[in-house]
Amino acid sequence: MNGKLKKKLRTIGHGLKAVVTVAGNGLSENVIRELNRALDDHELIKLKIFGDKAERADVVASLSGVPDTEIVQVVGGMALIYRASREPNPDLSNIVRANLL
């Protein structure tokens, strides 16, 4: 992912609210299922990560194992994550609704 695309995605992501939260159990099977559902629907999502700095870093490192997913930005306990949808839903996709890509 190039810098221009990341900048556009960060612009879109600035106004988003977290749709998935990762707490004490880390990236459990249920959290990954919800993460995949949210990415399929919205393409670009914010993820709220609870825990200390080391725990958050572990979760972010684990996110790189989710197929075809790009971590756009991590600031404190928030991560902005992108995965292009094969057939984006214009009503749900944050990318299509922003009309920036």
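**Fold, cores and a buried arginine**

Among contacts in the protein chain between residues at least 6 apart in sequence, 69% join residues at least 24 apart. This value, like those that follow, was computed from a predicted model. The chain contains four helices and four strands. From the N terminus on, these elements run α-β-α-β-α-β-β-α.

Overall dimensions were examined next. A compact globule with 101 residues would have a radius of gyration near 13 Å, and the protein chain, at 13 Å, agrees with this. The C-alpha trace spans about 35 × 25 × 20 Å along its principal axes. The accessible surface comes to about 6,200 Å². Carbon and sulfur atoms account for 49% of that surface. Of the 101 residues, 33% count as buried.

The largest nonpolar core has 15 residues. Val20, Leu35, Ile45, Leu47, Ile49 and Ile81 have the most contacts inside this core. At least two core residues come from each of β1 (18-22), α2 (29-42), β2 (44-49), α3 (53-63) and β4 (78-82). The most are given by α2, which supplies four.

Ile45 illustrates the packing. Neighbours within four places in sequence were left aside. Ile45 is then in contact with Leu16, Val19, Val20, Leu35, Ala38, Leu39, Ala79, Leu80 and Ile81.

The helix α3 was considered separately. Its buried residues are Val59, Val60 and Leu63. Seen down the axis of α3, these buried residues fall within an arc of 100 degrees, so they line one face of the helix. An α-helix has 3.6 residues a turn, so residues three or four places apart point the same way. The cover over the buried residues of α3 includes β1, α2, β2, β3 (70-75) and β4.

A charged residue, Arg83, was also examined. Arg83 lies in the loop between β4 and α4 (94-98). The relative accessible area of Arg83 is 10%. The cut-off for buried is under 20%, so Arg83 counts as buried. The Arg83 side chain makes a polar contact with the side chain of Asp40, at 3.0 Å. With neighbours within four places in sequence left aside, Arg83 is in contact with Asn36, Leu39, Asp40, Glu43, Val66, Pro67, Asp68 and Thr69.

Key:
Residues are numbered from 1 along each chain as its sequence is written. This is a predicted model: local features need pLDDT of at least 70, side-chain atom pairs count only at pLDDT 80 or more; totals for chains, interfaces and linings use all residues. Side-chain values use heavy atoms; hydrogens and water are left out. A nonpolar core is a set of buried Ala, Val, Leu, Ile, Met, Phe, Trp, Tyr and Cys residues joined through side-chain atoms within 4.5 Å. Buried means under 20% relative accessible area, exposed over 50%, partly exposed in between (1.4 Å probe, protein chains only). Contact means heavy atoms within 4.5 Å. The arc is that of the directions from the helix axis to the C-beta atoms. The radius of gyration is taken over C-alpha atoms; the globule rule is 2.2 Å times the number of residues to the power 0.38. Accessible areas come from the Shrake-Rupley method with a 1.4 Å probe; for residues, only the protein chains shown count as cover. A polar contact is a pair of N or O atoms within 3.5 Å; within protein, one must be able to donate a hydrogen and the other to accept it, and residues adjacent in sequence count only if both atoms are side-chain atoms.
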